[in-house]
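Let us walk through this model step by step. Keep the sequence and the 3D view side by side.

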Amino acid sequence: MFKSVRFIVCVAGLALAGTAQLRADKPGCEYQPVDVEKYGGQLLRLPPEIRSVDRELDARLTLAYSMQPIAGCETHLRLYDGLLTGPTLEVSPGDTLNVDVVNNLPPDPPPPSDNINDPHGFNRTNLHTHGLHVSPAGNADNVLLEVQPGRRFQNEIKIPRDHPPGTFWYHPHVHGSTAIQVGSGMAGALIVRGGIDYLPQIERMTEQIFVFQQIPYDKNGEVEDFDESFGPGVWDTSHRQTTINGQIFPVIHMRPGEIQRWRMIHGGVRESLELVLDGHQLNEIAVDGLVTGRIDSWNRLELQPGYRSDVLIRARALPAGRQRAEFILYDGETPASRSLLAVDEDRQALAKVVVEGPPMSMQMPSEAALQRFVPFAPIERIDGYQEAVFNISGGQFTVNGREFSPDHRRVLELGKAEEWTLNSLRVNHPFHIHVNPFEHERIGPDGRPQRVWRDTLLVRQDTPIKIRTRYTKYIGTFVLHCHILDHEDQGMMELVEVRLPGSPPDGRHAHMSHEHVAMADEAGHGHGSSARMAAGDAEESEEAYEPPSRVRKSIDDLEPEELENYLHAVRRLKEISDQDPTSKDGYDYFAALHNSGSVGPCEHARDSFLPWHRAHLVEYENALRRSDPPRTSEVTVPYWDWTRIPSGSRYPTIIEDPNSVLYHRGRRTTEICRPGQTNGCEPLPFPWTVIDETLDDAPGWQGEGPYFFGGESNEDPVCRDRQDQAYGALESPSHNDMHSRYIGGAMRSPTTAAEDPIFWSFHAFIDLLWDHWQARSTSSKVDSCLDCQLCGLFKDPQNNVDPWTVKDTVSTAALDYRYEFTPDEVAPAAARVAAFRAVPFDSHPAAGMVSALAPQAAGSQDLLVPTRVDQTVSLRLSSVPRPADVSYRGEVYLHPATESFRPGDPEFRKLYLFDLYSIWRGHGDHARPDVDVVIDLTKEVEALSVFHAGELWKVSVAVVPSEEPTADGERAAAPAPDALMFDAARLQGLGQPSENR
Amino acid sequence: MPNENGNHREPVWELHIRPMFRLIDHEHMSWLDLWDYDTVWAKREAILGRVSDKSAPMPSYPTGGPWPDEWVSIFRRWIDNGGHKLDLGSPDSAGYEVKKTFDGIRISAWVQVPGEGYRAWLDIESVGATTRHYSLVVEAPLDDPGGPSTELEVRDEFKAGSVEKLIVVDADGRHELDVPT
């Protein structure tokens, strides 16, 4: 057999390297039934746990050969930290997972062949966080990395703040060595704790972790020989026993009536588990870590390799007169049709539950309470279709007729939702895809169909199933594969790349057609012709594609020549205006487009805000480039990353240099605090932590309040009819506050802002953030007002024809530019309050910001802290004034009713200020005198409900007028605080709405 | 919403008091210049008595009728606060810039003010066919928050039209400025 030949070579190589000696069977390691009574019966031990501290989890996983006894056999295995099950890693959403993988294994022998689908290099490793929705790139969940023997590697995986809490796991994932390493026991639980875990009923429960493993050690106690370790007929004839956390047949103690939460993880390679707990139901609340919103009571629960299931077990009451009862957790009989071993599997006892002691009265959570932790909305709209068909044919393990190849990848587009058809042409295979979970319709225990989200799903032979998935947040390359890991190592895996919208179609990467799959199936080797056809497509499309030619960089990162050319171009535009103020090639024209109601004007407080400014920047950049070619032909607008400590005192150095053309009088000049500096400076108001959250928290484009990125639309295609609606999440507070309070001077007012050359770099960063949001959001495209014309902007401005519309601005790639940008390190969260339980939410970074004018109290609203939060909680401020002559900020506090509202007290601000809204003064014909503002309190109230349920707190609002007067010649009135008071405040989402004026 | 600390805007002569005296009032009270701050301040109690006297309403009904109570109240508050008025400011040494812009004419200047919270602007006194009159005014904050002196830009923009001259009165005197063509 082809495979056998390969493994003889492989084993010979190992022997030469001295890592596997040919010797007689080791006593105790014979292939014979395990004496469960003798080697089992110990209390279930949870793996050691490593938790995050201050948002960081720092762990080291050392991979080395270790001796560990299993059922009388002294095994010699590749293990993490010498443990049969790796330590449990526990994080919360928003944490960073820093895992230092230290590979202390010996060097590998040369690979057995040139075929990368020959299992090889068993001592190379890396780290995969199975099920996490995190970046697949760089040193995050990147399974294309290899940590060679003798090397170490620092993984840094950022868990987004909106990541669903749940039960996940980690294991190595280098192609060629995955099965050997995971099979040896290299796997551990990865718990993301949050949300559902703080439901009072669940918090009371004892939590158990079950990592099921099938370690196929041979008669020497080793897992070295691929063929002897895996493959049909191996496990079931070896009489090895499934272990739980490395233990044989452990014991779990429960009291009658007690409910425990069991987090069950199938960390094995190819055994199907069909779990049955005698006399009990397995009440499933989460599948693959993701909350279902239901309690599904199973008598028999299927766990395939890679699967997880969170179940609630209620111990039975003891019959009268009984002090103790025992129940066995079985892996039930599995018929060959469902088995991954393709044989009828016998029942195997896995663990024992002992019920004894005084009875307990515990409650299950309600399904209504669970429902709000369902992590994703159902996918109702499909943008396209994909197909993945597993097959074993001609000695090859294939996906869509193709063995794994680093030269082939399936290309998907970020933001799209697609329906996949999965099938197997030979035996059963668990399908697993990294990064993005998928939605699947299964039959529930009541016999009815139900939707669940998961990341691994058994595909049965000749039984096509459909799943739906969205490619959200992360671009990059990862894999899909069969989670029978020896199949994966032998080629049943495919690279998947998620690209930005607007990236080139790539024929080489396109998914295969039905015709192709059929051809591969019938011919066995028929993929060759299709491969050639696909390669031809690739050549054609690659010729047609050119990456964006314009690259916008940080103004601090420009090469000296690039900076000089940019400054020269700005000077040229100013000279043009000096010579002819009415020239549409001069600086004044582009400033007037923004500042003047009769030329533009700029658009704000509606969903054309971001499109308008994107088009404005493009036109300005075009003018810069044509101002003095060839010197200026390659100029782009550099951005100012105002989430970082500035290179100058308050602004980038070149922008605050009085001799620079980018300098403008009248800006605020107070220094921004450097690390460790607190006196005589202001803290950075919008560090990346805050902006990152803004990008995360606003999943939708069109609408009002913090959940929508673009703002509210009124769909008026004609500019003159358009009215201001409501700010999007980026416009307020960050954009507005930066204009009026951080920069000030001309930037304080929309009628003068673009006179200050900082305007362009400031808005380039706003544009970058929109681009960044598009790349990571589920709603990456503008979905409203697509045909709306952008006020005053024409692609042919000389003749005022060919108007810009919203749809022209949706893709930066289509506009031929991109940003070179790396987000700042996520800084430590704003100073956490010392007593977390006293105030269990973070204060806003601006809590430390000093204002020349004291905040004015604007009102308070009672908030009775609920025991649980079942829906979004928000504070809606109606008719928030937007005066024509002053910008101002609203500050929102959440504080105990026993504490008087003291917005001017620095200590009070540090503890209780949790959000802002910012109102930039009205401008132009569209300006409405007021807007509505919605503040999201859900996370804060959820946090409060854990420790403060039943207490009376208050939501209070203060307003802070901009320090400086308007300077544009309009009749200026002092900002009377009364004029900034909103009309009404309404708390929503807490049962009976209440109102306060 | 109630304003918990009761910090309201206080009336200022130029913005809130003088506009209450209409042209007809000014004409009828020719022996008393109601548009002159010093005169009104000197006669404040007498004026307050007349405008709040319900038995002999002033202004009289044939000339428009008496002030509403709110106006009387504002006048009284202005007196109680010490008769707040604006000051004239001065531009810095660069003086005034009158410039043609893409869509009009802009007059601007930079003014040094003593601290945070001060406001300055070019107040339009009158607009004629060929001339626009301004005062450069500065308003001190009610409660001076202190802080370092700072500079503010004052400006006005208008459509070019037939305007040829701008007249600005400031602390340094009267300035005539030509509008560029």
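How many bridges join strand β4 (residues 88-91) of chain A to β9(A), and do these strands run parallel or antiparallel? The model is predicted. In it, 3 bridges link β4(A) to β9(A), and the two strands run parallel. Look at Glu90(A): its bridge partner in β9(A) is Ile191(A).

β9(A) also pairs with strand β8 (residues 166-171) of chain A. Here 5 bridges join the strands, which run antiparallel. In this pairing, Tyr170(A) stands opposite Gly188(A) of β9(A). Strand β9 itself spans residues 188-192 and is mostly covered, with 5 of its 5 residues buried.

Now move along chain A to Thr421(A), which lies in strand β24 (residues 417-424). Is this residue buried, or partly exposed? Thr421(A) has 15 other C-beta atoms within 10 Å. Burial takes 20 or more and exposure 12 or fewer, so a residue in between is partly exposed. Thr421(A) is therefore partly exposed. Leaving aside neighbours within four places in sequence, Thr421(A) contacts Glu387(A), Pro464(A) and Lys466(A). Its C-alpha atom is 8.9 Å from that of Arg468(A), 47 residues apart along the chain.

Turn next to chain B. Helix α4 (residues 44-51) and helix α5 (residues 69-80) of this chain have axes that come within 10 Å and cross at roughly 165°. Angles over 145 degrees count as roughly antiparallel, so α4(B) and α5(B) are roughly antiparallel to each other. The crossing is left-handed. α4(B) contributes Arg44(B), Leu48(B) and Val51(B) to the contact, while α5(B) contributes Val72(B), Phe75(B), Arg76(B) and Ile79(B). These contact residues divide into 5 nonpolar, no polar and 2 charged.

Terms used: Residues numbered from 1 in each chain as written. Chains lettered and ligands numbered in written order. Predicted model: local features only at pLDDT ≥ 70, side-chain atom pairs only at ≥ 80, totals over all residues. Axes fitted to C-alpha atoms, helices over the stretch in contact; angles between N-to-C directions. Helix = DSSP H or I, 4+ residues; strand = E, 2+ residues; numbered from the N terminus. Parallel < 35°, antiparallel > 145°, perpendicular 65-115°, else oblique. Left-handed = near helix turned anticlockwise from the far one by under 90°. Contact = placed C-beta atoms within 7 Å. Nonpolar A, V, L, I, M, F, W, Y, C, P; charged D, E, K, R; others polar. Pairing = 2+ DSSP bridges.
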